[in-house]
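Please consult the sequence and the three-dimensional view while reading.

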Amino acid sequence: MFDFVMSEGQRRLQEEVRDLVSWVPRQLILDMDAMIAPFPRFFLEEAGRRNLLGLRFPEEYGGRGLKWEDEIIAISEMSLVGVPLTCLYSLVSIVGECIVQFGSEDQKRRFLVPTIKGEKVCAEALTEPRGGSDFFGATCTARREGDHYVLHGQKRFIVGAEGADYFMVYARTDPDAPPRDGLSCFLVERDESVEVKTVYGLMGARGSGTGRVLFRDTRVPAENLVGEENGASHIFYRMMVPERMTSAAGCVGAAREAIELAARYTTRRKAFGTAIKNFQAVSFMIAESLVKLDAMASLIWMTARAIDSGVPHGRMRRMVSEAKKFATEAVWEICYNAMQAMGGIAYTNVYPIERMLRDSRLLSIWTGTNQVMNLIIQHEFYKELEQQVKGRRDVELDAPEAFNEDEKIYE
(Lines give C-alpha, C1' and ligand atoms only; values in the text may rest on other atoms or scores of the structure.)
Protein backbone atom coordinates (compact mmCIF):
# COMPACT_ATOMS: atom_id res chain seq x y z
CA MET A 1 0.00 0.00 0.00
CA PHE A 2 1.07 3.59 -0.44
CA ASP A 3 3.00 4.94 2.56
CA PHE A 4 1.96 8.52 1.83
CA VAL A 5 -1.73 7.85 2.46
CA MET A 6 -1.17 6.01 5.74
CA SER A 7 -1.69 7.51 9.16
CA GLU A 8 0.94 7.17 11.88
CA GLY A 9 -1.11 4.39 13.44
CA GLN A 10 -1.26 2.53 10.13
CA ARG A 11 2.49 2.82 9.70
CA ARG A 12 2.99 1.35 13.17
CA LEU A 13 0.63 -1.49 12.30
CA GLN A 14 2.59 -2.12 9.12
CA GLU A 15 5.79 -2.36 11.14
CA GLU A 16 4.18 -4.80 13.57
CA VAL A 17 3.11 -7.08 10.74
CA ARG A 18 6.51 -6.80 9.09
CA ASP A 19 8.06 -7.96 12.34
CA LEU A 20 5.77 -11.01 12.42
CA VAL A 21 6.55 -11.73 8.77
CA SER A 22 10.28 -11.58 9.52
CA TRP A 23 9.74 -13.98 12.44
CA VAL A 24 8.28 -16.72 10.19
CA PRO A 25 10.96 -19.41 9.76
CA ARG A 26 12.26 -19.77 6.21
CA GLN A 27 12.15 -23.55 6.58
CA LEU A 28 8.42 -23.42 7.31
CA ILE A 29 7.73 -21.81 3.95
CA LEU A 30 9.87 -24.40 2.17
CA ASP A 31 8.33 -27.33 4.04
CA MET A 32 4.80 -26.09 3.46
CA ASP A 33 5.42 -25.87 -0.27
CA ALA A 34 6.90 -29.39 -0.17
CA MET A 35 3.76 -30.50 1.74
CA ILE A 36 5.84 -32.04 4.51
CA ALA A 37 5.13 -29.47 7.23
CA PRO A 38 2.64 -30.23 10.01
CA PHE A 39 -0.26 -27.81 10.16
CA PRO A 40 1.37 -24.48 11.25
CA ARG A 41 -0.79 -23.83 14.28
CA PHE A 42 2.12 -22.10 15.98
CA PHE A 43 1.99 -19.34 13.36
CA LEU A 44 -1.58 -18.47 14.32
CA GLU A 45 -0.71 -18.74 18.01
CA GLU A 46 2.12 -16.25 17.52
CA ALA A 47 -0.07 -13.88 15.50
CA GLY A 48 -2.70 -14.09 18.24
CA ARG A 49 -0.11 -13.49 20.95
CA ARG A 50 0.89 -10.31 19.13
CA ASN A 51 -2.78 -9.27 18.84
CA LEU A 52 -2.57 -9.23 15.06
CA LEU A 53 -5.59 -11.45 14.35
CA GLY A 54 -9.11 -10.12 13.80
CA LEU A 55 -7.95 -6.51 13.64
CA ARG A 56 -11.36 -5.13 12.60
CA PHE A 57 -13.30 -6.72 15.42
CA PRO A 58 -14.36 -4.95 18.65
CA GLU A 59 -11.80 -4.61 21.41
CA GLU A 60 -14.16 -6.29 23.89
CA TYR A 61 -13.63 -9.54 21.95
CA GLY A 62 -9.89 -9.11 21.62
CA GLY A 63 -9.72 -7.24 18.32
CA ARG A 64 -8.44 -3.72 17.82
CA GLY A 65 -11.60 -2.11 16.47
CA LEU A 66 -9.84 -1.06 13.28
CA LYS A 67 -11.23 -0.62 9.76
CA TRP A 68 -10.77 -2.26 6.39
CA GLU A 69 -8.26 0.49 5.55
CA ASP A 70 -6.07 -0.94 8.30
CA GLU A 71 -6.63 -4.62 7.66
CA ILE A 72 -5.66 -4.45 4.00
CA ILE A 73 -2.32 -3.00 5.08
CA ALA A 74 -1.75 -5.97 7.40
CA ILE A 75 -2.79 -8.56 4.82
CA SER A 76 -0.71 -6.91 2.13
CA GLU A 77 2.39 -7.24 4.31
CA MET A 78 1.44 -10.77 5.32
CA SER A 79 1.44 -11.87 1.70
CA LEU A 80 5.24 -11.75 1.66
CA VAL A 81 5.26 -15.17 3.33
CA GLY A 82 3.13 -16.69 0.58
CA VAL A 83 -0.47 -17.53 -0.16
CA PRO A 84 -0.89 -20.45 2.30
CA LEU A 85 -0.02 -18.53 5.47
CA THR A 86 -1.87 -15.46 4.24
CA CYS A 87 -4.95 -17.65 3.76
CA LEU A 88 -4.76 -19.00 7.30
CA TYR A 89 -4.26 -15.48 8.63
CA SER A 90 -7.24 -14.20 6.62
CA LEU A 91 -9.59 -16.96 7.79
CA VAL A 92 -9.88 -15.25 11.14
CA SER A 93 -11.15 -12.16 9.34
CA ILE A 94 -13.59 -14.20 7.24
CA VAL A 95 -15.10 -16.49 9.87
CA GLY A 96 -14.88 -13.72 12.45
CA GLU A 97 -16.99 -11.47 10.23
CA CYS A 98 -19.76 -14.07 10.32
CA ILE A 99 -19.67 -14.32 14.10
CA VAL A 100 -19.42 -10.56 14.71
CA GLN A 101 -22.20 -9.65 12.28
CA PHE A 102 -24.62 -12.52 12.85
CA GLY A 103 -23.51 -14.51 15.90
CA SER A 104 -24.93 -14.46 19.41
CA GLU A 105 -23.07 -13.06 22.39
CA ASP A 106 -22.43 -16.62 23.54
CA GLN A 107 -20.90 -17.52 20.15
CA LYS A 108 -18.69 -14.45 20.27
CA ARG A 109 -17.37 -15.48 23.68
CA ARG A 110 -16.95 -19.19 22.89
CA PHE A 111 -15.58 -18.92 19.34
CA LEU A 112 -14.47 -15.41 18.41
CA VAL A 113 -12.45 -14.55 21.53
CA PRO A 114 -10.23 -17.68 21.49
CA THR A 115 -9.85 -17.43 17.69
CA ILE A 116 -8.49 -13.90 17.92
CA LYS A 117 -6.13 -15.05 20.67
CA GLY A 118 -4.84 -17.79 18.36
CA GLU A 119 -6.10 -20.47 20.73
CA LYS A 120 -8.75 -21.87 18.36
CA VAL A 121 -8.32 -22.47 14.64
CA CYS A 122 -11.27 -21.85 12.33
CA ALA A 123 -12.11 -22.80 8.77
CA GLU A 124 -14.93 -21.92 6.40
CA ALA A 125 -16.64 -24.99 4.89
CA LEU A 126 -18.53 -23.73 1.85
CA THR A 127 -17.59 -25.58 -1.35
CA GLU A 128 -19.03 -29.02 -1.99
CA PRO A 129 -17.80 -31.73 -4.38
CA ARG A 130 -20.73 -31.00 -6.69
CA GLY A 131 -19.67 -27.37 -7.15
CA GLY A 132 -18.48 -24.11 -5.67
CA SER A 133 -20.10 -21.28 -7.64
CA ASP A 134 -23.54 -22.90 -7.30
CA PHE A 135 -23.61 -22.15 -3.58
CA PHE A 136 -27.37 -22.32 -3.19
CA GLY A 137 -27.39 -25.81 -4.62
CA ALA A 138 -25.64 -27.10 -1.49
CA THR A 139 -26.62 -30.66 -0.54
CA CYS A 140 -25.09 -30.91 2.95
CA THR A 141 -28.10 -31.25 5.27
CA ALA A 142 -28.94 -30.44 8.89
CA ARG A 143 -32.13 -31.67 10.55
CA ARG A 144 -33.39 -30.53 13.92
CA GLU A 145 -33.62 -33.18 16.67
CA GLY A 146 -34.57 -31.64 19.99
CA ASP A 147 -31.86 -29.27 21.14
CA HIS A 148 -29.44 -30.38 18.41
CA TYR A 149 -29.09 -30.39 14.64
CA VAL A 150 -27.77 -33.50 12.91
CA LEU A 151 -25.37 -32.49 10.14
CA HIS A 152 -24.62 -34.81 7.24
CA GLY A 153 -22.66 -34.26 4.04
CA GLN A 154 -19.28 -33.20 2.85
CA LYS A 155 -17.32 -30.14 1.78
CA ARG A 156 -14.10 -29.92 -0.19
CA PHE A 157 -11.23 -27.52 -0.94
CA ILE A 158 -11.50 -26.36 2.67
CA VAL A 159 -8.44 -24.29 3.54
CA GLY A 160 -7.21 -24.92 7.08
CA ALA A 161 -9.33 -28.07 7.47
CA GLU A 162 -6.43 -30.13 8.74
CA GLY A 163 -5.88 -27.98 11.81
CA ALA A 164 -9.34 -26.51 12.37
CA ASP A 165 -10.96 -26.78 15.78
CA TYR A 166 -14.29 -25.68 14.33
CA PHE A 167 -15.89 -25.03 10.96
CA MET A 168 -18.31 -22.43 9.73
CA VAL A 169 -20.68 -24.62 7.71
CA TYR A 170 -23.63 -23.96 5.42
CA ALA A 171 -26.21 -26.75 5.33
CA ARG A 172 -29.71 -27.26 3.96
CA THR A 173 -32.33 -27.20 6.71
CA ASP A 174 -35.44 -26.93 4.53
CA PRO A 175 -35.32 -29.24 1.49
CA ASP A 176 -38.69 -27.99 0.25
CA ALA A 177 -37.87 -24.29 0.25
CA PRO A 178 -36.45 -22.42 -2.78
CA PRO A 179 -32.67 -22.98 -2.86
CA ARG A 180 -31.69 -19.65 -1.33
CA ASP A 181 -34.34 -19.84 1.41
CA GLY A 182 -33.50 -23.27 2.80
CA LEU A 183 -29.92 -22.93 4.01
CA SER A 184 -28.63 -22.29 7.53
CA CYS A 185 -25.21 -21.49 8.92
CA PHE A 186 -23.57 -23.33 11.83
CA LEU A 187 -20.41 -23.26 13.89
CA VAL A 188 -19.44 -26.92 14.04
CA GLU A 189 -16.91 -28.09 16.57
CA ARG A 190 -14.65 -30.89 15.51
CA ASP A 191 -15.33 -34.29 17.04
CA GLU A 192 -15.01 -37.95 16.05
CA SER A 193 -17.90 -37.62 13.59
CA VAL A 194 -15.98 -35.01 11.59
CA GLU A 195 -13.40 -36.51 9.28
CA VAL A 196 -10.80 -34.51 7.37
CA LYS A 197 -9.14 -36.12 4.38
CA THR A 198 -6.28 -34.95 2.22
CA VAL A 199 -7.23 -36.53 -1.08
CA TYR A 200 -5.32 -34.49 -3.64
CA GLY A 201 -2.12 -32.64 -4.38
CA LEU A 202 -2.11 -28.96 -5.23
CA MET A 203 -0.36 -27.01 -7.98
CA GLY A 204 0.44 -24.25 -5.48
CA ALA A 205 -0.73 -22.67 -2.23
CA ARG A 206 0.42 -25.78 -0.45
CA GLY A 207 0.70 -26.51 3.24
CA SER A 208 -2.36 -24.71 4.59
CA GLY A 209 -4.11 -27.96 5.49
CA THR A 210 -6.57 -27.91 2.59
CA GLY A 211 -8.78 -30.96 2.62
CA ARG A 212 -12.16 -32.59 2.29
CA VAL A 213 -14.39 -32.51 5.36
CA LEU A 214 -17.01 -35.20 5.95
CA PHE A 215 -19.78 -34.71 8.50
CA ARG A 216 -21.28 -38.07 9.46
CA ASP A 217 -24.42 -37.30 11.44
CA THR A 218 -22.51 -34.73 13.43
CA ARG A 219 -24.55 -33.44 16.36
CA VAL A 220 -24.46 -29.66 16.50
CA PRO A 221 -25.98 -27.89 19.53
CA ALA A 222 -28.87 -25.61 18.53
CA GLU A 223 -27.06 -22.69 20.13
CA ASN A 224 -24.39 -23.04 17.41
CA LEU A 225 -26.85 -21.98 14.72
CA VAL A 226 -25.66 -18.60 13.41
CA GLY A 227 -28.47 -16.16 12.74
CA GLU A 228 -31.89 -17.52 11.86
CA GLU A 229 -32.73 -20.99 10.62
CA ASN A 230 -32.95 -20.90 6.81
CA GLY A 231 -31.40 -17.44 6.87
CA ALA A 232 -27.91 -18.26 5.58
CA SER A 233 -28.34 -16.34 2.33
CA HIS A 234 -27.97 -13.05 4.24
CA ILE A 235 -24.76 -14.34 5.81
CA PHE A 236 -23.44 -15.64 2.49
CA TYR A 237 -23.87 -12.27 0.78
CA ARG A 238 -22.09 -10.52 3.63
CA MET A 239 -19.25 -13.03 3.65
CA MET A 240 -18.39 -12.15 0.07
CA VAL A 241 -16.87 -8.93 1.38
CA PRO A 242 -14.16 -10.38 3.67
CA GLU A 243 -13.51 -13.35 1.36
CA ARG A 244 -12.83 -11.16 -1.65
CA MET A 245 -11.18 -8.23 0.11
CA THR A 246 -8.66 -10.49 1.82
CA SER A 247 -7.99 -12.22 -1.51
CA ALA A 248 -7.37 -8.88 -3.20
CA ALA A 249 -5.21 -7.42 -0.43
CA GLY A 250 -3.17 -10.61 -0.32
CA CYS A 251 -1.94 -9.90 -3.85
CA VAL A 252 -0.26 -6.57 -3.18
CA GLY A 253 2.79 -7.54 -1.15
CA ALA A 254 3.51 -10.62 -3.23
CA ALA A 255 3.26 -8.63 -6.46
CA ARG A 256 5.63 -5.99 -5.12
CA GLU A 257 8.17 -8.63 -4.14
CA ALA A 258 8.00 -10.31 -7.56
CA ILE A 259 8.71 -6.99 -9.25
CA GLU A 260 11.61 -6.19 -6.92
CA LEU A 261 13.12 -9.66 -7.34
CA ALA A 262 13.01 -9.25 -11.11
CA ALA A 263 14.31 -5.67 -10.98
CA ARG A 264 17.27 -6.60 -8.78
CA TYR A 265 18.12 -9.57 -10.98
CA THR A 266 17.93 -7.61 -14.21
CA THR A 267 20.13 -4.91 -12.69
CA ARG A 268 22.90 -7.44 -11.95
CA ARG A 269 22.49 -9.87 -14.82
CA LYS A 270 24.50 -8.88 -17.90
CA ALA A 271 24.24 -9.82 -21.56
CA PHE A 272 25.95 -8.32 -24.57
CA GLY A 273 28.16 -6.36 -22.18
CA THR A 274 25.42 -4.55 -20.27
CA ALA A 275 22.82 -5.15 -17.56
CA ILE A 276 19.75 -6.66 -19.13
CA LYS A 277 17.54 -3.96 -17.60
CA ASN A 278 19.00 -1.68 -20.25
CA PHE A 279 17.08 -3.60 -22.90
CA GLN A 280 13.59 -2.20 -23.28
CA ALA A 281 12.18 -5.66 -23.91
CA VAL A 282 13.12 -6.40 -20.30
CA SER A 283 12.61 -3.08 -18.51
CA PHE A 284 9.23 -2.48 -20.13
CA MET A 285 7.94 -5.64 -18.43
CA ILE A 286 8.97 -4.09 -15.12
CA ALA A 287 7.17 -0.90 -16.10
CA GLU A 288 3.99 -2.76 -17.05
CA SER A 289 4.06 -4.63 -13.77
CA LEU A 290 4.51 -1.45 -11.75
CA VAL A 291 1.44 0.07 -13.40
CA LYS A 292 -0.57 -3.02 -12.49
CA LEU A 293 0.74 -2.98 -8.91
CA ASP A 294 -0.14 0.66 -8.30
CA ALA A 295 -3.51 0.27 -10.00
CA MET A 296 -4.40 -2.74 -7.84
CA ALA A 297 -3.27 -1.02 -4.65
CA SER A 298 -5.32 2.07 -5.53
CA LEU A 299 -8.46 0.07 -6.29
CA ILE A 300 -8.16 -1.98 -3.10
CA TRP A 301 -7.55 1.13 -1.01
CA MET A 302 -10.56 2.96 -2.44
CA THR A 303 -12.72 -0.13 -2.00
CA ALA A 304 -11.68 -0.40 1.63
CA ARG A 305 -12.59 3.25 2.14
CA ALA A 306 -15.92 2.68 0.42
CA ILE A 307 -16.78 -0.19 2.77
CA ASP A 308 -15.66 1.76 5.82
CA SER A 309 -17.78 4.73 4.79
CA GLY A 310 -20.87 2.56 4.33
CA VAL A 311 -21.60 2.85 0.61
CA PRO A 312 -24.83 1.16 -0.58
CA HIS A 313 -24.61 -2.62 -0.71
CA GLY A 314 -24.80 -2.84 -4.50
CA ARG A 315 -21.89 -0.43 -4.99
CA MET A 316 -19.91 -2.31 -2.34
CA ARG A 317 -20.53 -5.64 -4.09
CA ARG A 318 -19.36 -4.19 -7.39
CA MET A 319 -16.21 -2.59 -5.99
CA VAL A 320 -15.23 -5.63 -3.93
CA SER A 321 -15.68 -7.85 -6.99
CA GLU A 322 -13.66 -5.44 -9.14
CA ALA A 323 -10.85 -5.36 -6.59
CA LYS A 324 -10.75 -9.15 -6.33
CA LYS A 325 -10.82 -9.68 -10.08
CA PHE A 326 -8.27 -7.02 -10.96
CA ALA A 327 -5.78 -7.82 -8.18
CA THR A 328 -5.82 -11.59 -8.65
CA GLU A 329 -5.32 -11.31 -12.41
CA ALA A 330 -2.67 -8.61 -12.00
CA VAL A 331 -0.57 -10.61 -9.54
CA TRP A 332 -0.57 -13.56 -11.95
CA GLU A 333 0.57 -11.30 -14.80
CA ILE A 334 3.20 -9.65 -12.60
CA CYS A 335 4.67 -13.00 -11.55
CA TYR A 336 4.58 -14.08 -15.20
CA ASN A 337 6.45 -10.92 -16.22
CA ALA A 338 8.99 -11.44 -13.45
CA MET A 339 9.71 -14.94 -14.70
CA GLN A 340 9.88 -13.74 -18.28
CA ALA A 341 12.29 -10.93 -17.41
CA MET A 342 14.57 -13.23 -15.43
CA GLY A 343 14.49 -16.04 -17.95
CA GLY A 344 15.22 -19.69 -17.26
CA ILE A 345 16.66 -19.22 -13.78
CA ALA A 346 13.23 -18.07 -12.52
CA TYR A 347 11.78 -21.40 -13.66
CA THR A 348 14.05 -23.17 -11.16
CA ASN A 349 13.81 -23.23 -7.39
CA VAL A 350 16.87 -21.01 -7.05
CA TYR A 351 14.43 -18.09 -6.88
CA PRO A 352 10.91 -18.16 -5.37
CA ILE A 353 9.26 -16.80 -8.53
CA GLU A 354 8.15 -20.25 -9.68
CA ARG A 355 6.41 -20.85 -6.33
CA MET A 356 4.83 -17.40 -6.41
CA LEU A 357 3.52 -18.05 -9.91
CA ARG A 358 2.02 -21.39 -8.85
CA ASP A 359 0.50 -19.85 -5.74
CA SER A 360 -1.02 -16.90 -7.55
CA ARG A 361 -2.91 -19.09 -10.00
CA LEU A 362 -5.34 -20.12 -7.30
CA LEU A 363 -6.44 -16.60 -6.47
CA SER A 364 -8.54 -15.97 -9.57
CA ILE A 365 -10.43 -19.23 -8.94
CA TRP A 366 -11.33 -19.27 -5.27
CA THR A 367 -13.84 -17.16 -3.33
CA GLY A 368 -15.78 -17.00 -6.60
CA THR A 369 -14.09 -17.30 -9.97
CA ASN A 370 -13.31 -14.10 -11.77
CA GLN A 371 -16.01 -14.98 -14.27
CA VAL A 372 -18.46 -14.81 -11.36
CA MET A 373 -16.90 -11.44 -10.47
CA ASN A 374 -17.73 -10.22 -14.00
CA LEU A 375 -21.30 -11.37 -13.51
CA ILE A 376 -21.64 -9.33 -10.32
CA ILE A 377 -19.83 -6.27 -11.68
CA GLN A 378 -22.04 -5.88 -14.74
CA HIS A 379 -25.20 -6.75 -12.80
CA GLU A 380 -24.65 -4.09 -10.16
CA PHE A 381 -23.58 -1.51 -12.73
CA TYR A 382 -26.73 -1.95 -14.80
CA LYS A 383 -28.77 -1.49 -11.62
CA GLU A 384 -26.89 1.73 -10.85
CA LEU A 385 -27.52 2.92 -14.41
CA GLU A 386 -31.27 2.76 -13.86
CA GLN A 387 -31.05 5.34 -11.11
CA GLN A 388 -31.44 8.97 -12.11
CA VAL A 389 -28.58 11.21 -11.04
CA LYS A 390 -29.74 14.78 -10.48
CA GLY A 391 -27.53 17.54 -11.81
CA ARG A 392 -25.45 15.31 -14.11
CA ARG A 393 -25.00 16.45 -17.70
CA ASP A 394 -26.72 14.20 -20.26
CA VAL A 395 -23.83 13.68 -22.68
CA GLU A 396 -26.06 11.76 -25.07
CA LEU A 397 -27.46 15.11 -26.19
CA ASP A 398 -24.01 16.46 -27.19
CA ALA A 399 -24.29 15.15 -30.73
CA PRO A 400 -25.44 17.12 -33.81
CA GLU A 401 -28.29 14.70 -34.52
CA ALA A 402 -29.06 13.95 -30.90
CA PHE A 403 -32.75 14.76 -31.30
CA ASN A 404 -33.22 12.71 -34.44
CA GLU A 405 -35.44 10.20 -32.73
CA ASP A 406 -36.27 8.44 -36.00
CA GLU A 407 -32.69 7.13 -36.11
CA LYS A 408 -32.61 5.94 -32.50
CA ILE A 409 -33.97 2.51 -33.21
CA TYR A 410 -33.74 0.00 -30.38
CA GLU A 411 -35.90 -2.85 -31.56
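A residue is called buried when its relative accessible area is under 20%, exposed when the value is over 50%, and partly exposed in between. The model discussed here is predicted. The points below are grouped by topic.

**Cysteines**

- A disulfide is a covalent bond between the sulfur atoms of two cysteines.
- In this model a pair of cysteine sulfur atoms counts as a disulfide within 2.5 Å, and the count comes to 0 disulfides.
- Cys 98 takes part in no disulfide, and its nearest cysteine sulfur, which belongs to Cys 185, is 4.0 Å away.
- Cys 98 counts as buried because its relative accessibility is 0%.
- Cys 140 is likewise in no disulfide; the nearest cysteine sulfur is that of Cys 185, at 11 Å.
- Cys 140 has a relative accessible area of 0% and is therefore buried.

**A negative surface patch**

- Glu 401, Glu 405, Asp 406 and Glu 407 form a negative surface patch.
- One of these residues, Glu 407, is found in the segment after helix 11, which spans residues 370–385.
- Glu 407 counts as exposed because its relative accessibility is 58%.

**Arg 143**

- Arg 143 belongs to strand 2, which covers residues 141–145.
- With a relative accessible area of 45%, Arg 143 is partly exposed.
- Arg 143 and Asp 176 are separated by 33 residues in sequence, and their C-alpha atoms lie 13 Å apart in space.

How values were computed:
Residues numbered from 1 in each chain as written. Predicted model: local features only at pLDDT ≥ 70, side-chain atom pairs only at ≥ 80, totals over all residues. Heavy atoms only, no water. Buried < 20%, exposed > 50% of the residue type's maximum accessible area, 1.4 Å probe, protein only. Patch = residues over 30% accessible without salt bridge, like charges linked within 9 Å, V, L, I, M, F, W, Y side chains within 5 Å. Areas by Shrake-Rupley, 256 points an atom, 1.4 Å probe, with all protein chains shown as cover. Salt bridge = Lys/Arg side-chain N within 4 Å of Asp/Glu carboxyl O. Lys, Arg positive; Asp, Glu negative; His and termini not counted. Charge placed at Lys NZ, Arg CZ, Asp CG, Glu CD. Helix = DSSP H or I, 4+ residues; strand = E, 2+ residues; numbered from the N terminus.
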